[in-house]
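Please look over the protein shown here. The briefing below covers its sheet, a helix pair and a loop residue.

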Amino acid sequence: MNDISQLPILYSLRHCPFAMRARLALFKAKRTVVLRDIVLSNKPQEMLDASPKATVPVLVLFDGTVIEESLDIMLWAFQHQDPADFLHKNESDGHICRNKEMMALISTFDVQFKTCLENYKCAKRYHEANLIECRQACEVYLLQLEQRLTEHQFLISNHESLADIALLPFIRQFARIERQWYLQAPYPKVREWLNKYLQSAMFTKVMAKHPLWQKNQVPLIFSQQ
């Protein structure tokens, strides 16, 4: 697609984990979008008109369709362009459908782990007495990932899936809360898995800093190219 005016528009925030995983999926799926970086303290009216929920990410398609949830944006990215089978539609293990397993894992981390992670972040930020208990609540889920990565190279199988890039931003957050503890924690496979992403050229591009979007500026194209 050469006409920039027909490209989807992604409203994004650089360090927001939900926006981050949306960008990761778009990059992996080789989707090209117009990127509009914003700050939540000064949300553009164009984004609010498209999505009254007023949080990122928001993807606005050429036909006016608005996709407001990060996981839905990820699924859209791979819907018609998934040569590496990130959705694992064609892979099964006996009677277990890998796609169903993948979506169940993402749901667990989006709901249960995310709650534990927020509690852990708050305990660290406000020097609360229950810091260790909050960390241990998160570790229940880290242990699941460690076991998975002992069995195969990625979270679902021996090749990347939607689950890997969906969970990545949140595991990155966890690793940064108590950095010294994390580096010595009994999760070497998780550290190896995370480091491969964080040290990749792909992650550098996805996390590149861009000027905040303003009206009438030259459109910023985000793509794998």
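Two strands pair if DSSP finds at least two bridges between them. Helices (H or I, at least four residues) and strands (E, at least two) are DSSP runs, numbered from the N terminus. This is a predicted model, where local features need pLDDT of at least 70, side-chain atom pairs count only at pLDDT 80 or more, and totals for chains, interfaces and linings use all residues. Residues are numbered from 1 along each chain as its sequence is written, and side-chain values use heavy atoms, leaving out hydrogens and water.

**The sheet**
- Strands β3 and β4 run antiparallel and are joined by two bridges.
- Leu 59 stands opposite Ile 67 in β4.
- Five strands form an open sheet with mixed pairing, in the order β4-β3-β1-β2-β7.
- β4 (66-67) and β7 (220-222) stand at the edges with a single partner strand each, so one side of each has no neighbour in the sheet.

**The helix pair**
- Helices α1 (residues 17-28) and α3 (residues 70-79) pack at about 0 degrees, with axes 8 Å apart. Axes are lines fitted to C-alpha atoms, for helices over the stretch in contact, and angles run from 0 to 180 degrees between N-to-C directions.
- The contact (heavy atoms within 4.5 Å) includes Phe 18 and Leu 26 of α1, and Ile 73 and Trp 76 of α3.

**A loop residue**
- Ser 51 sits in the loop between α2 (45-50) and β3 (58-60).
- Beyond its neighbours within four places in sequence, Ser 51 contacts Val 58, Val 66 and Glu 68.
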